[in-house]
Amino acid sequence: MNETCLHWLDSPVHAAWRMAEGQRLLSFAKASRLPDGFGNLDANGRLLPGATAETMNTARMTHCFALAHIQGVPGCLAYAEHGVAALAGAMRDATYGGWFAHPGGQDDSGKSAYLHAFVALAASSAVVAGAAAAKDLLADAIRVIEEHFWSEGEGALRETFSRAWQLPEAYRGANSNMHATEAFLALADVTGDPVWLQRALRIVERIVHVQAAASQYRVVEHFDALWQALPDYNLAHPADHFRPYGTTPGHGMEWARLLLHLEASLRLAGLEAPGWLLPCARGLFESACTLAWNVDGAAGFIYTLDWNNRPVVRARLHWVHAEGCAAAAALLMRTGEAQYQRWYQRIWDFIDNHFIDREAGSWHHELDADNRPAGTIWPGKPDLYHAYQALLLPGLALAPSLATQLARNVTKR
């Protein structure tokens, strides 16, 4: 570590700042509670008239409120248990199993791997938090993943099915498998079964070690059912929320962090960790920073680039910068190198200057190309998950996973 580079991860003041900002985000997010789950808040922290709950937001909120309860934040267990009840209630398909995108199957578009990964993550965190009925929810989520989504032959998740688990989509996605990797790390800790680490490693090997490494550490996002890359996927819809065209640097940083969590988790479990995990994490982070930071004359990471590394969607999204901070912290913890400390400080300074909304609360979710608040891709402020995790992760070791480690830290005291 360069002695002239202040090590924020060891700073009590920085830790206090992160915790205070986390409390501010939690207070804002509580307004999203609806009778049947959690809904989306507007830019001022209000539910719109006629707002309905969404399973993805409910799962993410359940996960975050469970983490807050484990930390010792009063009042958060009730919100976590509310989420568990919603996920076990109208959001669950009582006929065919699995989860709708909305309670009761309203506007249902099928059963997606992305959504089910978040249900599993929420359930695992709720179990650690001691939330009522969380163990049953977790068992249900695991059963659905193993029966329908996990493909042993492919070493990854299948993408989407119709409601009755028919009509599988002829598509494979890196995004859903990335969040499955995160969920699998948590499942390994909560269940004690190392098979989840082995499955996470198989996903990472396919998406990163094989595909991204061969593409200058740019994450290939879209594939057909045979895992052949689809470089022009969504060319006509480049700003899609979950399947944007081209390459998404924010995902590169998110993968970089997950590779280091996986490496640490494998070692903690007494399992072999491949030597390529750290070099791949380095490569992903360096590629994202080189290609996406300040590439159009303004500060910040742009959302997407084409395969010639030209900006496509120049918006700055809050989740991209949250993941950049978390990845820089993980690489700093793993290597002790000053370059990652500099990135960590640089990205937090950008978040503080541009994303944190001290008037209306929470963070702006989107900025335009001139770094002004916008809402073209992500209107309002519906997401707690990315920002809250970015505030927690720098204060924790790389393994075990978030909920389990928070619980162990409390127990040690």
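This briefing walks through selected features of the structure, from overall confidence to individual residues.

The model is a predicted one, and its protein chain averages a pLDDT of 96, with 98% of the residues scoring at least 70. The largest nonpolar core has 141 residues, and a search of the whole structure finds 24 salt bridges.

**Confidence**

- Over residues 1–5 the pLDDT stays under 50, and for this stretch the model has nine contacts beyond four places in sequence.
- Where pLDDT is low, the predicted coordinates should not be read in detail.

**The nonpolar core**

- Within the largest nonpolar core, which has 141 residues, those with the most contacts inside it are Phe-184, Trp-255 and Phe-285.
- The largest share of this core, twelve residues, is contributed by helix α4.
- Phe-285, leaving out residues up to four places away in sequence, touches Met-253, Ala-256, Gly-324, Ala-327, Ala-328, Leu-331, Tyr-340 and Trp-343.
- In soluble globular proteins, nonpolar side chains tend to be buried together.

- Helix α3, made up of residues 76–88, has 13 residues and reaches 19 Å from its first C-alpha to its last, which is close to the 18 Å expected at 1.5 Å a residue.
- The buried residues of α3 are Cys-76, Tyr-79, Ala-80, His-82, Gly-83, Val-84, Ala-86 and Leu-87, and what covers them includes the strands β1 (33–34) and β2 (37–38) together with the helices α2 (55–71), α4 (113–129) and α5 (134–149).
- In helix α13, which spans residues 402–412, the buried residues include Leu-402, Ala-403, Thr-404, Gln-405, Leu-406 and Ala-407, while the cover over the buried residues of α13 includes α2, α4, α6 (174–191) and α12.

**Salt bridges**

- Side chains of opposite charge can pair when their charged atoms come close.
- Asp-140 forms a salt bridge with Arg-143, the closest N and O atoms being 2.7 Å apart, and both residues lie in helix α5, three residues apart, about one turn of the helix.
- An α-helix has 3.6 residues a turn, so residues three or four places apart point the same way.
- Asp-140 is buried because its relative accessible area is 12%, whereas Arg-143, at 32%, is partly exposed.
- Asp-140 and Arg-143 also belong to a network of salt bridges that links them with Arg-92 and Glu-147.
- Arg-334 forms a salt bridge with Glu-263, again with the closest N and O atoms 2.7 Å apart; the pair links distant parts of the chain, since Arg-334 is in helix α10 (residues 318–335) and Glu-263 in helix α8 (residues 249–268), 71 residues apart.
- Arg-334 is partly exposed, with a relative accessible area of 27%, whereas Glu-263 is buried, with a relative accessible area of 3%.
- Arg-316 forms a salt bridge with Asp-296, where the closest N and O atoms are 2.7 Å apart; Arg-316 lies in strand β9 (residues 316–317) and Asp-296 in the loop between α9 (277–292) and β9, so the pair ties together parts that are 20 residues apart in sequence.
- With a relative accessibility of 0%, Arg-316 counts as buried.

- Gln-389 is placed in helix α12, residues 385–392, and is buried, with a relative accessible area of 1%; not counting residues up to four places away in sequence, Gln-389 touches His-63, Glu-182, Arg-257, Pro-394 and Leu-402.
- Asp-42 sits in the loop between β2 and α2 and counts as buried because its relative accessibility is 15%, under the 20% cut-off.
- A polar atom of the Asp-42 side chain lies 2.9 Å from the backbone nitrogen of Asn-44, and, apart from its neighbours within four places in sequence, Asp-42 is in contact with Phe-28, Leu-48, Gly-380 and Lys-381.
- Trp-8 is found in the segment before α1 (12–29) and counts as partly exposed, at 23% relative accessibility.
- The C-alpha atoms of Trp-8 and Arg-342 are separated by 9.8 Å, although these residues are 334 residues apart along the chain.
- Setting aside residues up to four places away in sequence, Trp-8 touches His-14, Gln-341, Tyr-344, Gln-345, Trp-348 and Asp-349.

Technical notes
Residues numbered from 1 in each chain as written. Predicted model: local features only at pLDDT ≥ 70, side-chain atom pairs only at ≥ 80, totals over all residues. Heavy atoms only, no water. Helix = DSSP H or I, 4+ residues; strand = E, 2+ residues; numbered from the N terminus. Buried < 20%, exposed > 50% of the residue type's maximum accessible area, 1.4 Å probe, protein only. Contact = heavy atoms within 4.5 Å. Expected span 1.5 Å × (residues − 1). Salt bridge = Lys/Arg side-chain N within 4 Å of Asp/Glu carboxyl O. Core = buried A, V, L, I, M, F, W, Y, C linked by side-chain atoms within 4.5 Å. pLDDT = per-residue confidence, 0-100. Polar contact = N/O pair within 3.5 Å; in protein donor to acceptor, adjacent residues only side chain to side chain.
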